[in-house]
Amino acid sequence: MTLKAERTTSLQSSAFDTLSEPVRRWIWQRKWRSLRDVQKKAIPAILAGGDVVISARTAAGKTEAAFLPLLTRHAEHAGSADGFAILYVSPLKALINDQHRRLESLCEGSGVLLHKWHGDVSADAKIRARKRPSGIVLITPESLEALLVRRGGEVARMFSRLDAVVIDELHAFIGTERGMQLQSILNRIEVATARDRIDRIGLSATLGDMSLAAEALRPGKGASVTVVEGKDEGNGVRLQIRGYLLDGTAPGDLTATTDDSGPPAKPAEPFEQSTVPSALAADLFRLLRGQSNLLFAGSRANVEVYADMLRSMCDQASFPNEFFPHHGNLARAMREEVEARLRDDPRPTTAVATTTLELGIDIGEVETIAQIGPGFSVASLRQRLGRSGRRAGKPATLRIFVIEPPIGKGRHPIDRLRLDLVQSIAMVECLRAGWCEPPLPAGLHLSTLLHQVVALIVQTGGISPTVAWKLLCERGPFRAVDKTLFAELLRCMATPENQLLEQSPEGLLMIGETGEKITESYEFYAVFATEREYRIIHDARTLGTYPLSSPLARGETIIFAGRRWQVIEIDDRARVMMVKPTRAGKPPHFNGKGAAIHDHVVAAMRAVLVSDEAYPYLDPAAKLLLDEARSSHLDLQLDRRSIIAHGEGVLVFPWVGTRKLQTLTLALLAREFKASHLGHAIELQECEAAKVMEALQDIAGSPAPDGQELAARLAQPALAKFDTFLSDQLMTLVTMVERISAKDLPLIAANALGNHTTHEVT
DNA sequence: GACCTGCTGCGGTATG
C-alpha cells in the first residue's frame, strides 16, 4: 500500500469526515496518519454542542481536539467582525505564546483571525482587536478581568456572538481563588450578553474523579457536561524509591537503637537545607549526567542547593555543566534559557526545578524524572511522571530519593517510623491504584467575592445589592454565600475604614473612595496575593527576585541562579540588590506557607506500616529502612494502639491528613493540653496517657462543635489578597470553613482512640 | 513541610 493510500484508510474515520473542508486540508498538510484517540472522541462531542471536558495526558493533542471541531462549527461565520467567536483562557502567558504558534496556520487556512491578549502584548494590538472583534482570542483571566472592568460598556458587543470558551489546564484552576474568579467572569459575560449558556470546553489532566472537573467547568450543573477521556497511549512506567541516611550512619542497625534507657529523644531537627548525603550526591551525578532529566527538589532553596552541588561536581570532574536551576524567583529570561536548552539543544540537560515545570509548557521529552522526598500530593507526582516516557518504546521513569535521619540511641518514635519513606511508598501505591487528590470542597472565598463585587460595580457603573447577589452567588460560583452573609460582606465593604463602596439614594451600589483607588492600579486584576521582593542584579542583568521579608545584609553571600554571590549594595527604595560573584554562598531563604497532606495518603501510610507486602521498586537501602519502620511500628505496638507514652509526655497517632490533625490539636489545646502537631502525630508535653484518653473519649462522645472556639485559637493572618478588608467576624468565619474541619472532630477523636480500651495504656 | 500564576493607561524619551 502506498503511504497516501494508507493515510486515506486511517483518516477515513467518521470523525475526520465531519470536519470542515479547510480543517481537513490542514490535517492533510500536516501529514497526520490518523487522528489521536482523544481527538476522535472529542470531535463528535463538540460538534453536538454543549459543555465538554477533554481529559488526557500532556502532549496527547487536546488543543487540536478542541479547535478542529470548533473551527468547523465556526466555518459559516468566518470573516464576520461583529464579535469574537472563540475565547481561549490559559493560566500562563507562556502557554498562550505556545498555543498561538500551534494554531496560526490552522486559523489562516480557515480564514479566522487569531489574537494573543496578555500583559506582554502591545496596547496597539489590543485596540485593533477590540475595534473589529472577530475570530479567536487567547487570553489570561487577569486580562479578561481588565477588559470587563475597563470596557464594561463594550462587553455585550464584543461577546454577543461568542460560540464557545476553551479553558486550558482546567485542573490548575479547580479549587483556587483564580478559578473562582474565572468562573465568575464567564458568568458575568453570559449575563452581560443575555445568553443563557455559552458552551465551555475544558482541557484537563486526568483526575481521579472527572465529575469534579465537570462541576468546575459548569458550577451547579456538572452532570450536564460531557466528559471525554483520552486513552493513555504511554509505554508503561519504571519506578524506584531509593533510601539514604545522612553521612556517618547506615540503615539496618536497628538492634543497637531500641534501647529505651536514658532521656527520651527529641525527633531529629529537619535537615539543614544544605545537607546532602554524599552517597545521594554521587548517585544523582552518576544517574542523571549524560542525558536529559527533570530533578524536582521540593523547594526553591533546595533547587539552588542541588543545582549548585551538581554544577560543582561537573567542575571537579572537568565536565561541562549540564545542571540548571528553574524556579519562580528566577528571571524569566534565565528560565527560558533552560527551557530552550531542554527543547532544542542536543546537549544533555537536567533542569533542577520546583513545580514550575509541572504545567504544560513545551520542553520536549526528557529521559527520567527524579524527585527528592515524597512531595506533597499524588496529583503532582502524576503530572511529573507524564513529563517522561513520551518517545515510542520508552517507559516513563521516576526515581524518588528519600533521606532519613541518622540512627542514634533512643531515637524518637517519629524518626524510628521513617515516615518520609513510608509516605513515598504510600503515594506511589495511591498512584498505582489510579487515585489522586480531589480539589478541596468549595470554601467561602470571601476575598475573591469582595473583589468581584468591586469589579462588577465598575463594569456596570452601579448595581442593586439583590441583583449583585443573584448574579455572583445564586447564578455565579459563590454558592456557599447566602443573602445574609452577602449583606454582611457589603456592610463590611462600606464601613468608614474600608470605603470600598457606598449606596446611592436609589439603593444602587456605587464605588467608594478606596474602591476608586484600588481599581485605578493595574494590581487590581489578579485575585491572588504576592510577596513584595527585591530584584537581584549582577552587571545590569536581573538574575531574579528575593523576598523583602528575608532581607540580606551587605557583604552576605547567597547561592542563587545556580551560582554563588556576595551582596555589594542594597537599594531599599528601588528594591534592588546588587551582587558580585564569589566562592562561598549560603542557601537562599524563601517563606513557605506549609503543606497539607490528604487523609487518603495518611491512611495509605498506615496500610504500608501494617502490611508485610514487599514493594519491588525499593532499592536495598529503602528496603532496610522499611523493615526498620515496620519493626518500630510493632515495637511501639502501634498496630494495637494509637496513644503511646514518651518521656514525660504522650504521642497520639490519629492517622488523618494535615487539616484534621490540626483540628484535633486545636481541640486538645482548648482542653489545656500542651499540644503541638509533629509530622503525622500530635505531641502532648507533661501529661499522662490516661488523661489524654479521657479527653479523646469525651471529644468522640460529644456533638461536633461549630468550630468558632477552635478558629479563635488559630492565628488568622490575611492569607488571601483582599482578606485585609474583612471584619474579625468574617475572618473567623473564613477560618472555620476553610482551615479546620470541626464537624469531623468526634470522628477524628474516635480514630485517635483506635481500638483502645482504658486498660491498655498504662 | 511548598509551589505557582497575573497586570492598564498614561506620560516620558528616543528613533525613523
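Contact is taken to mean heavy atoms within 4.5 Å. The structure described here is a predicted model.

Helix α15 comprises residues 332–344. The buried residues of α15 are M334, R335, V338, E339, R341 and L342. These residues lie on the same side of α15, because the arc they cover around the axis is only 160°. The buried residues of the helix pack against four strands, namely β9 (293–296), β10 (323–326), β11 (350–353) and β17 (541–547).

Although A540 is not a glycine, its phi is positive, at about 70°. The relative accessible area of A540 is 77%, so this residue is classed as exposed, the cut-off for that class being over 50%.

A positive phi is also found at E686, likewise not a glycine, with a value of about 50°. The loop containing E686 runs between strand β24 (681–685) and helix α26 (689–701). With a relative accessibility of 56%, E686 counts as exposed.

Terms used:
Residues are numbered from 1 along each chain as its sequence is written. Chains are lettered from A and ligands numbered from 1 in the order in which they are written. This is a predicted model: local features need pLDDT of at least 70, side-chain atom pairs count only at pLDDT 80 or more; totals for chains, interfaces and linings use all residues. Side-chain values use heavy atoms; hydrogens and water are left out. Helices (H or I, at least four residues) and strands (E, at least two) are DSSP runs, numbered from the N terminus. The expected span of a helix is 1.5 Å times one less than its number of residues. Buried means under 20% relative accessible area, exposed over 50%, partly exposed in between (1.4 Å probe, protein chains only). The arc is that of the directions from the helix axis to the C-beta atoms.
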